[in-house]
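I opened my notebook to look up the aromatic rings. What sits beside them, and how are they arranged?

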Amino acid sequence: SWGHAGSGGDCRSVRQRLQGVEAIHATWSAFGAKLADGSIVTWGDPECGGVGEVATSQPAWKLFSNWSSFAAILVDGSVVCWGNSIFGGSCDSVQDQLTDVVDVQGSTG
């Protein structure tokens, strides 16, 4: 990656984990990679989801992003969210409704 380091332009902290990348998504100032083994690695501004390796209970099936947060559908159809809670980085209030999910759409606000 290249650009401003605080906005995801420096992936050196996670570079060794970026093997088998299947998809890359971006927020305003972070990047996220979904790997072939179902793990997710992010880098950049933590307020926008750049938190390093994302801990999930199941492997990820799909990765999504919006302005400043990420969401992943896990192989069991559940969803995890992280990043700026004002912009969707927390799905705690609806977590029990997020079952058998097949797609996620993002917005900017």
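Entry one. I started with a charge over a ring. Lys62 lies over the face of Trp61. I noted 4.5 Å from Lys62 to the ring centre of Trp61. I keep in mind that this is a predicted model.

Entry two. Next I asked how many aromatic pairs the structure holds. I found three aromatic pairs. I followed up Phe31 and Trp43, whose ring centres are 5.8 Å apart. Their planes meet at 25 degrees, so I wrote the pair down as stacked; the cut-off for stacked is under 30 degrees.

Where do Phe31 and Trp43 lie? I placed Phe31 in strand β2 (residues 30–35) and Trp43 in strand β3 (residues 40–44). The pair therefore ties together parts that are 12 residues apart in sequence.

Phe31 has a relative accessible area of 27%, so I listed Phe31 as partly exposed. Trp43 has 6% relative accessibility and counts as buried. Buried means under 20%.

I turned to Phe70 and Trp82. Their ring centres are 5.5 Å apart and their planes are at 20 degrees, so this pair is stacked. I found Phe70 in strand β6 (residues 69–74). Trp82 is in strand β7 (residues 79–83). This pair, too, ties together parts that are 12 residues apart in sequence.

Are Phe70 and Trp82 buried or exposed? Phe70 counts as buried, at 1% relative accessibility. Trp82 is buried as well, with a relative accessible area of 9%.

Notes:
Residues are numbered from 1 along each chain as its sequence is written. This is a predicted model: local features need pLDDT of at least 70, side-chain atom pairs count only at pLDDT 80 or more; totals for chains, interfaces and linings use all residues. Side-chain values use heavy atoms; hydrogens and water are left out. Rings of Phe, Tyr and Trp (its six-membered ring) pair if their centres lie within 6.5 Å; planes under 30 degrees apart count as stacked, over 60 as edge-to-face and the rest as tilted. Helices (H or I, at least four residues) and strands (E, at least two) are DSSP runs, numbered from the N terminus. Buried means under 20% relative accessible area, exposed over 50%, partly exposed in between (1.4 Å probe, protein chains only). A charge sits over a ring if NZ of Lys or CZ of Arg is within 6 Å of the ring centre and within 35 degrees of the ring normal.
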